[in-house]
Amino acid sequence: MKIIYIVELDAYSDSGVLRKVVSQLSCWKKLENDCEMLLVSKPPSKKSLLVSYLESKSIYIFYSGLLAKLSSVFGGKYVYFNKILVSIKILLKVLRFKPDIIYYRFGIWFPGQLIRFLNVPLVVEINSDDIEESLLYSDITRFLHLRSRSMLLKRANGFCCVTRELRHKIPPKDGVSVAISNGIDLSAITAVKVENSIRTQIIFVGNSSCPWHGVEKIVYLASVLDDCDFHIVGPELNKFNKLSKNITFYGFLNNKCLAELYSKMNIAIGTLSLHKKNMKEASALKVREYVAYGLPVILGYIDSDLDGCDFILNVGNYERNIHDNLKKIKEFIRFWKDKEIKYDMKHIDMYNKE
C-alpha cells in the first residue's frame with residue numbers, strides 16, 4: 001500500500017512526538033508499505049544531523065523560506081501562515097506520489113488545507129480534544145479553527161484516536177473510528193539502572209506551554225517532600241523555580257541526555273491537571289517512556305494501557321489531587337523507591353500497535 005503521512009511539527013527539535021511519527025513511518029515500511037512523510041515545519045536555524053536523519057527516512061520537510069525572513073513581523077502567527085504558504089507544495093507532492101491512503105495528524109485548520117479536495121481515502125489521527133485545546137489559541141485562530149474544523153472531519157473516511165474517550169467524541173456520521181493508544185519504539189530503549197541512591201530521585205518531563213501538565217503541583221510536592229530530589233525537564237519550566245532547593249531544572253534535554261537521567265531515577269510523574277482540558281483519559285508518550293525505563297509513575301488521569309497496574313498511582317483528575325493524596329503519594333514512593341516494576345512491554349510497543 002502507498003501511504004502519505006502529513007504532519008505539522010517542528011522538524012528541528014528532538015521531541016517525543018517527532019520520534020513517535022518517525023517510528024510510525026518506520027513500522028509501516030517494515031510491514032511492506034511504500035510510505036512518505038510530508039512534514040510541515042518551522043525553518044531551520046542551521047542544518048542538523050536530525051534533519052539528515054529524517055531525510056534518509058523518506059521524510060520531506062516543508063517551510064516557507066520567504067516567510068522565515070519575515071518571521072519577526074508575523075511573530076507567533078508565523079506557524080499558521082507557514083502552513084498556508086506551503087499547502088500548494090504539499091498538494092503537488094501528494095499528486096506525484098499517488099497514494100492509496102492519506103494519513104493526517106490532525107492540527108489547527110487553516111485556509112488552503114487542500115488535501116480535503118483529493119479523491120483519496122483520508123484517515124485522521126486524533127491526539128487531543130481540539131475544541132478544548134483551542135482555548136489556548138489566540139482569539140482569531142480559535143475562531144477560524146472552530147468554524148472550519150468540520151470541513152476536514154466530514155471529509156475523513158476514518159479516524160484513529162489515541163484514547164477511547166476521544167473516540168467517543170467523534171460522531172459516527174463523521175466516519176469509522178478506532179481507538180489505538182500511543183506506543184513507543186522499544187527497540188530504541190536500553191534501560192540501565194545505576195546504584196540505588198539514599199535520597200529518592202523523582203523526574204518529570206513536560207512543557208511550559210501545556211498548563212494541564214500541572215508543574216505548579218510538582219513544585220508544591222517538592223516543598224512537602226524535602227527528603228526527595230525532583231528533576232524537572234522541559235523548555236522554560238525554570239520559571240517555576242522560586243521555592244524548593246530540592247528541585248533541579250534542566251530545560252530541554254535530547255534523547256541521549258534524558259536516557260542518562262532516567263537511569264538515576266526512582267519515581268516519575270505524569271500529567272496532573274488533565275481536567276484543565278476537560279479530559280479524563282490519555283496515553284502520553286512520556287509515561288510510556290518512563291515505564292520502558294522501569295519507573296513507577298504518579299499521574300492524575302486514566303491511562304489507556306496502564307490503568308490498574310500496581311506501579312501506577314492515579315491521584316485523581318481534579319485541582320486538589322496532590323494536596324488530598326499526600327499520604328498515598330508518600331506510601332507509594334516509599335514502597336516503590338528501589339523496586340523493579342514488572343510489565344509486559346508489548347502493550348506499549350509501537351510496532352505491535354501499528
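How many bridges join S8 to S11, and in which sense do the two strands run? There are 3 bridges, and S8 and S11 run parallel. This is a predicted model. The chain holds 14 helices and 15 strands. Of its 354 residues, 51% are buried.

**Chain overview**

- The chain exposes about 17300 Å². Carbon and sulfur atoms supply 55% of that area.
- Take the contacts between residues at least 6 apart in sequence: 67% of them join residues at least 24 apart.

**The sheet with S1 to S7**

- An open sheet is formed by 7 strands. Their order is S3-S2-S1-S4-S5-S6-S7, and the pairing is parallel.
- Strand S3 (59-62) and strand S7 (176-179) are the edge strands, each pairing on one side only.
- From one strand to the next, the twist averages 20°.
- Strand S1 (residues 2-8) and strand S2 (residues 34-40) run parallel and are joined by 7 bridges. Lys 2 has Asp 34 in S2 as its bridge partner.
- Helix H1 (residues 16-30) lies across S1, S2, S3, strand S4 (101-105) and strand S5 (122-126). H1 runs at about 160° to S2.

**The sheet with S8 to S11, S13 and S15**

- Another open sheet is formed by 6 strands, in the order S10-S9-S8-S11-S13-S15. Here, too, the pairing is parallel.
- S10 and strand S15 (312-314) stand at the edges. Each has a single partner strand, so one side of each is left without a neighbour in the sheet.
- On average, neighbouring strands of this sheet are turned by 20° against each other, direction ignored.
- S9 and S10 run parallel and are joined by 4 bridges. His 231 stands opposite Thr 248 in S10.
- H9 packs on the sheet and touches S8, S9, S10 and S11. The direction of H9 makes about 160° with that of S9.
- Helix H10 (residues 255-262) also packs on the sheet, touching S8, S9 and S10. The direction of H10 makes about 150° with that of S8.

**Strand S8**

- S8 is mostly covered, with 6 of its 6 residues buried.
- Thr 200, Ile 202 and Phe 204 point one way from S8. Gln 201, Ile 203 and Val 205 point the other way.
- In a regular strand, side chains alternate between the two faces of the sheet.
- S8 pairs with S9 in the parallel sense over 6 bridges. Gln 201 has Asp 229 in S9 as its bridge partner.
- On the S11 pairing, Ile 203 stands opposite Ala 268.
- S8, H9 and S9 make a right-handed β-α-β unit.

**Helix H9**

- Helix H9 (residues 215-224) has these buried residues: Val 215, Lys 217, Ile 218, Val 219, Leu 221 and Ala 222.
- Cover for the buried residues of H9 includes strand S8 (200-205), strand S9 (228-233), strand S10 (247-251) and strand S11 (267-269). It also includes helix H12 (321-324) and helix H13 (326-336).
- An α-helix has 3.6 residues a turn, so residues three or four places apart point the same way.

**Nonpolar cores**

- The largest nonpolar core has 87 residues. Ile 6, Ile 203, Phe 230, Tyr 290, Leu 306, Phe 311 and Ile 329 touch the most other members.
- Phe 230 touches Ile 202, Ile 218, Leu 221, Ala 222, Leu 225, Asn 246, Ile 247, Thr 248 and Ile 269. Residues up to four places away in sequence are not counted in that list.
- A second, separate core has 18 residues, including Val 7, Val 22, Ile 59 and Ile 61.
- In soluble globular proteins, nonpolar side chains tend to be buried together.

**Positive phi outside glycine**

- Lys 98 has phi near 55°, a positive value in a residue other than glycine. Lys 98 lies in the loop between helix H5 (78-97) and S4.
- Why does Lys 98 count as exposed? Its relative accessibility is 64%, and exposed means over 50%.
- Asn 278 also has a positive phi, near 55°. Asn 278 sits in the loop between S11 and strand S12 (281-282).
- Asn 278 is partly exposed, with a relative accessible area of 48%.

Conventions: Residues numbered from 1 in each chain as written. Predicted model: local features only at pLDDT ≥ 70, side-chain atom pairs only at ≥ 80, totals over all residues. Heavy atoms only, no water. Buried < 20%, exposed > 50% of the residue type's maximum accessible area, 1.4 Å probe, protein only. Contact = heavy atoms within 4.5 Å. Pairing = 2+ DSSP bridges. Axes fitted to C-alpha atoms, helices over the stretch in contact; angles between N-to-C directions. Core = buried A, V, L, I, M, F, W, Y, C linked by side-chain atoms within 4.5 Å. Right-handed = clockwise from strand over helix to strand, strands pointing away. Areas by Shrake-Rupley, 256 points an atom, 1.4 Å probe, with all protein chains shown as cover.
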